[in-house]
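Subject: Structure handover

Hello,

Here is the structure I promised to pass on. Please open it first, then read my notes below.

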Amino acid sequence: MVSRRALLKASGIAVGIAALPGGAYALAASDPIDLPASDNGMAAALAQATFAHPGTAFNRSDLDWLKANLGTEPWKSVYAELAADSRSSLSYSMQGPFANVSRNPDVNLGQYRNDMQAVHNLALLGYLTGDSAYSAKAAGIMRAWYSTHTTWSGAEPYLTACDYVNRSVAGADILRGTYAGWTATDTIRTKAYFDKVYWAQFSIGGGNRGAGTQVRSAGQGADQLQGAMAVAAFCDDQTKFDMVVNSYLTDPVGGLRNSLPNGEIGDTGRDQGHAYGQIIHYAFIAEVAWKMGVDLFSAEGNRLRAIMEYFADYNSGGNPAYIPFGSSYDLYPAIGGERLARSHEAINTIHTHHVVRKGQSMPLTTAYRELSAEDYQSFIYRRTTDTSTAVAPTAAWSPPATSTVTSLTSADIGTVGSPGSTSSSGGTWTMTSSGQQRETGYRYAYRSLTGDGTITARVRSVGATGHEADAGLMLRPSLVAGSSSPYLHLRLFGAGGGQVFWRVGQGIVSGNFINYTAMSQPYWLRLVRRGNFVSGYTSPDGTNWSPTCNTLFHDLPATVYVGLAVTSGDTSVTNTAVFDNVSAGSAAGTVPGTPTGLNATAGAGRISLSWAAAPATHYYEVLRGDSGTGAYAVIATEITGTTYTDTLVNSGAGYDYKVQAAGFGGLSGQSASASATVGTLGLTAGAASLQSVNHPTRYVRCQNSLGYLHEVTSGSDTQTRQDATFTIAPGLAGTGYSLRAGNGMYLRHYGFRLRLESDDGSQTFRQDATFRARGGSADGSFSLESSNYAGWFLRHRGYELWVDPLENNAGFREDSSFRVVAAWA
């Protein structure tokens, strides 16, 4: 059995991917990568973003407003503080970069934070002053980190990755949107850095979660969502953006629903420092979404406004009414911690939205803001005019409605001392049990539930007062008792307090539990199923619900059992428990259907897949195995359509494929397999020219030793035709191909730019000048993958030739596809 303490420490392993020289990221054969797909067969976006840069969490209009008001207080004094900070100086000495950053124990953490603060400060000053030297300094620090940093470690890597995105991602976004010296290559490599190094820490999507959410509780979960929103927005990733919006709107322990209509949040009862942190994260998420055209401020009836007003009320000396509330970490009986005057970051963000944009009243927040001074982290969010607009997302998922339960099947499960009983009268349920304990013996009054669903009950009395006596709600896929059956049990103890316990899969002997002391009898309990996720709630009044868990099960069947469970904890003792207000309801399930109709078609250097759309799908994943082995691994994820072309294959090799669908309710089963053998793809040695697939009048050409995609015709001069002619030769690195110009020099990448240079005999040069031929976007075409940067391809952008990491869009595939044609010279 695993305690809460063990659960909180369970993530203390280093994560990341290996960095190659220059900060590229090596993809092992088993690493999933995103490849383009058509957009057919998918559900509409939950919240369609219009990505804008900068926009994390302020845009150019906000920067211009700030710039125009730097001579007015309070912005004038705070701007002076910003300029005086050592991390705003052109003489600031970068403290990193480092390959690894750890928190608990802290290793390179302070240096990382200072450097990211410097990126933010310097980028901001670069725009406000018009002095590009500040921007250049910031860009240099960011480039050093994205070229070096690959892992987070320690007991809290998820917090390290999330805490400073309002500095790191925001700073990079200022540079991207305002600094002429920030290049397309900077954007590509920074996207790769945030996607590959940061995203895995956010617990949104991936693995058995599908596209679902399982962030941590209260402020920690909100912190993860803050990081996820920043990365999704910077990466222009609609698929990730939708997943973040879904998590923000529906995650019971870390999303906005970890709050009450009166303004309490999960950390209100913990202490006011952590409570304000949770508010900062929520405000940042909503403001970034607003900049992308999506209104999250209006969610749950303008809940952020109520949250900020409640916090301001208490922390300015008021005594607002408190309802017992918390998160999966604890249930708090009272407001926690001493009253504090806080920085204005969240205050300004929420005030600007509701008061300035919307003309709504926030008197407590307005007054509370005057208790502390403005600072340079917050002054950019303080405005007196703002006419920007955004659109609310489509309706978020909600637990199915319930109706009164009048009939339940009842049985003794496992070891009991004597037969139990169940009776109901006028909505009151009375149950007796001499069950051994909740694992191996209890009385269960249950019903089947198909799809998503809710069950609610009030435990009026547990009965016996012993610690092992309990009464509560249980969800399980079978009626077999035992220490290896999956189930979730939310219960009150006879001795006081309560507990949520779960085991997520068949044959998993250990389980997880969280104890709560601030529960008395009578008390309300609720279980909610959303696909493969089951969450528990407690309430003192049946109206205001505090979450206890958001548990992901392994492959819950469509139909499960839910009901009332009672035990005495001693087979020689009979316990009698009483329930009332029992209700239940169900709705269509949100686990995607298993994809069908998978078809694999072989081509030269490629295998093309197609399948039928599955309901409730947010994206698909493709699994591949060597022919006949039966061993599969995910090779591509976040495919937003029902087709996929696999070009990372070997000519003549056979492969087996399966597809699975990811939805907000979890991951589907795997499709039936389909197999194909790759057709031969070979480039004929000798003189040739390389024609662009999507710009067929343009060809690979070197001019002034740099690679371009230029127009070449029969009327072009001799030099142009010679510059567009190469000899396809065996790869200098021993495999693949190299491209040799007429003067004996080779095309190689350096700083990821294609250029023509002489072979210096070094291993680095030979690897840089060697490429693997992969299938292209069209029949008869090919792509060239770098031999020393797996997953990075030769492509044109702005008609310049670069080596870039594979992107999840059809345009990239076309930009990186060529045909071998007769030599121009």
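Is Arg795 buried or exposed? Arg795 is buried, because its relative accessible area is 7%. Buried means under 20% relative accessible area, exposed means over 50%, and partly exposed lies in between, with a 1.4 Å probe and protein chains only.

Two notes on the source before you go on. This is a predicted model, so local features need pLDDT of at least 70 and side-chain atom pairs count only at pLDDT 80 or more, while totals for chains, interfaces and linings use all residues. Residues are numbered from 1 along each chain as its sequence is written, and side-chain values use heavy atoms, with hydrogens and water left out.

Arg795 and its surroundings

Arg795 belongs to strand E38 (residues 792–797). Helices (H or I, at least four residues) and strands (E, at least two) are DSSP runs, numbered from the N terminus. The side chains of Arg795 and Asp804 are joined by a polar contact of 3.0 Å. A polar contact is a pair of N or O atoms within 3.5 Å; within protein, one must be able to donate a hydrogen and the other to accept it, and residues adjacent in sequence count only if both atoms are side-chain atoms. Set aside the neighbours within four places in sequence, and Arg795 is in contact with Ile188, Glu800, Leu801, Trp802, Asp804, Glu807, Phe812, Asp815 and Ser816. Contact means heavy atoms within 4.5 Å.

Asp580

Now go to strand E20 (residues 575–587), where you will find Asp580. Asp580 counts as buried because its relative accessible area is 5%. Its side chain makes a polar contact with the side chain of Arg458, at 2.7 Å. The side chain of Arg460 makes a polar contact with Asp580 as well, at 3.0 Å. Leaving out neighbours within four places in sequence, the contacts of Asp580 are Gly427, Thr428, Ala457, Arg458 and Arg460.

Strand E36 (residues 771–775) and strand E37 run antiparallel, joined by 5 bridges. Two strands pair if DSSP finds at least two bridges between them. Gly775 has Phe782 of E37 as its bridge partner. Arg774 has Ser783 of E37. The hairpin has 6 residues between the strands, and Gly780 takes a positive phi near 80 degrees there.

How many residues of E37 are buried? In E37 (residues 782–786), 5 of the 5 residues are. Both faces are covered: Phe782, Leu784 and Ser786 lie on one side, with Ser783 and Glu785 on the other. In E36, 4 of the 5 residues are buried, so this strand is largely enclosed by the rest of the structure.

Ala471 has Leu492 in E13 as its bridge partner.

Strand E14 (residues 498–503) contains Phe501. Phe501 counts as buried because its relative accessibility is 0%. The C-alpha atoms of Phe501 and Val712 are separated by 70 Å, and these residues are 211 apart along the chain.

The other open sheet has 3 strands in the order E21-E22-E25, and the pairing is antiparallel. Strand E21 (599–603) and strand E25 (643–646) are the edge strands, each pairing on one side only. E21 and strand E22 (residues 606–610) are joined by 5 bridges. Gly603 stands opposite Arg606 in E22.

A pair of helices

Helix H7 (residues 165–178) packs against helix H8 (residues 184–198) at an angle of about 160 degrees, with the axes 11 Å apart. Axes are lines fitted to C-alpha atoms, for helices over the stretch in contact, and angles run from 0 to 180 degrees between N-to-C directions. H7 and H8 are therefore roughly antiparallel to each other; that term applies to angles over 145 degrees, while under 35 is roughly parallel, 65 to 115 roughly perpendicular and the rest oblique. From H7, the contact uses Val165, Ser168, Val169, Ala172 and Arg176; from H8, it uses Thr187, Thr190, Lys191, Phe194 and Tyr198.

Best wishes
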